[in-house]
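Here are my notes on the two-chain model you asked me to look through.

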Amino acid sequence: MLMKRVFTRPQKRVIFTNQLLTEINNLGVDSLGIVAFISMFMGAVVAIQTAYNIDNPLIPMSMVGFTTRQSIILEFSPTVISLILAGKVGSRIASEIGTMRVTEQIDALEIMGVNSANYLIFPKIIASILINPVLIIFSMWLGILGGWIAMTASGLVSTNDFVRGIRVDFEGYTIFYALTKTVVFAFIISSVSGFFGYETKGGALEVGQASTKAVVFSSVIIILFNLILTQLLLT
Amino acid sequence: MIEARNIEKSFGGHHVLKNASCLFEKGKTNLIIGQSGSGKTVLMKCLVGLFEVDKGKIFYDDRDFTTMNFEQRKTLRREIGMLFQGGALFDSMNVEQNVMFPLNMFTTKSLKEKQERVNFVLHRVNLENVNSLMPSELSGGMRKRVAIARAIAMNPQYLFCDEPNSGLDPQTSGVIDHLIREITQEYNITTIVNTHDMNSVLSIGDRVVFILNGELWWKGNMETILHTDNPELNKFVFGTELTSRLKQ
């Protein structure tokens, strides 16, 4: 029922566009820092662990670059970063809408004749779907960069070997797979969090509970859909 | 004019409103009074459609609100202004954006016209030079006045006020009460005020309905309420030390 009210035509296009830009800033641009930090360090860790585990002289050191690329593109960036965004963005959406509910701001919208579900949740869903793929591509790039920095700084793998590994057997389909997952996860994060925020009843305590539920349910659904989408797209 | 006919509302088997019927007249401040938990907020929320009634009918000038669909209600709600207990101003917007919000949503006026209207209604509620302030920077009384300004920005036909004096000192409460009454008479609108403040009852109660345990117990006005022999109402009206001493 709620989703039926969310997915209706916005009442005023200009207002929707303004809200969309605001949400892209709030949900996407504001997340750049944490995404960059985690991606760089995780990329470095993946590369170091791979290099540490290669002790057979027959395996070329370019394998470190290859493994880092595949891990980052296939799983780390789309799934792990989406889980982190579920925590950061999901709690923000749920607490923002939940607070509006308990302070009667949503009732005020309804009394004015505004479809509050559409006004509050729809721009957030569209903004997430648009900005999350950008964040994930940014994360992929920084993850691989982090791996390269770690390898060259530690001297475990040369730049030539690492770059050769990154370029070997590259399939564009892996990017398609990662971005498809990202879009689905973005929808899950924003809609589940919007739902829990919108359905909040009570006061400050319930806003906190709604926020926690939003993060937990978004994360669980992301993990389930990760398996389903991987099965559908990679086998 | 708003009329409620035999409305009933219950939550999980608990009857909050029992066969309530009342008429709220145009150009008058109609007060709903009663103790906390008596059902007056539920009655108001049923009247504006935030709660669906289980039984009964609600009419806005002979338009049956209970049979309207979502879109029809949306259209009618553009004629409604509501002042919420805490003001319900949008935290992310400043005063001007809050008051301008309904104008942005439902009119095609130019920015200049909208700003003129915003300044006019803010002036009407005795607020000047507050356009750029955020709700968190306002006092309780200012918040209520901004909320009134937002409620009247679209020239509503019906004004609902849910406990407009809660959390305010007696002097500021008086200012808000008189503002509500002035606006009601000036624009000839149907105003319904939900309160348990006897000062409000005695100063602006053109018509008063008393609710007890979800039932309409008494109807009258600010004159007759002081001379009623209804024991439950007397207990409510003269329930404080001050009012009981005044009666003596």
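1. Which residue is the bridge partner of S10(B) in β2(B)? The partner is H15(B). Before going further, some ground rules: this is a predicted model, in which local features need pLDDT of at least 70 and side-chain atom pairs count only at pLDDT 80 or more, while totals for chains, interfaces and linings use all residues. Residues are numbered from 1 along each chain as its sequence is written, and chains are lettered from A and ligands numbered from 1 in the order in which they are written.

2. Strand β1 covers residues 2-11 and strand β2 residues 14-24 of chain B, and they pair in the antiparallel sense over seven bridges. Pairing here asks that DSSP find at least two bridges between two strands. Helices (H or I, at least four residues) and strands (E, at least two) are DSSP runs, numbered from the N terminus.

3. Chain B also holds an open sheet of six strands, in the order β6-β7-β8-β3-β9-β10, with mixed pairing. At its edges stand β6 (80-83) and β10 (215-220) of chain B, each with a single partner strand, so one side of each has no neighbour in the sheet. On average, neighbouring strands of this sheet are turned by 20° against each other, direction ignored; the axes are lines fitted to C-alpha atoms, for helices over the stretch in contact, and angles run from 0 to 180 degrees between N-to-C directions. Within the sheet order, β7 (residues 158-162) and β8 (residues 190-195) of chain B pair in the parallel sense over five bridges, and F160(B) stands opposite I192(B) in β8(B).

4. Helix α6 of chain B (residues 170-187) has 18 residues and should span 26 Å at 1.5 Å a residue; its end C-alpha atoms are 26 Å apart, which agrees. The expected span is 1.5 Å times one less than the number of residues. Just after the helix, N188(B) takes a positive phi of about 50°.

5. Which residues of α6(B) are buried? They are S173(B), I176(B), D177(B), L179(B), I180(B), I183(B) and T184(B). Buried means 20 or more other C-beta atoms within 10 Å of the residue's own, exposed 12 or fewer, and partly exposed in between, with C-beta atoms placed from the backbone. Seen down the helix axis, the buried residues of α6(B) fall within an arc of 160°, so they line one face; the arc is that of the directions from the axis to the C-beta atoms. On the other side, P170(B), Q171(B) and E186(B) are exposed. The cover over the buried residues includes β3 (29-33), α5, β7, β8 and α7 (198-204) of chain B.

6. A149(B) lies in helix α5 (residues 140-152) of chain B. Why does A149(B) count as buried? Because A149(B) has 28 C-beta neighbours inside 10 Å. Leaving out residues up to four places away in sequence, A149(B) touches V99(B), V121(B), L122(B), R124(B), V125(B) and L127(B); contact means C-beta atoms, placed from the backbone, within 7 Å.

7. Chain A has nine helices and zero strands. Of its 235 residues, 45% count as buried.

8. At the interface, 13 residues of chain A are in contact with 15 residues of chain B. Helix α5 (residues 105-112) of chain A gives the largest share of chain A's side, six residues.

Methods: Contact = placed C-beta atoms within 7 Å.
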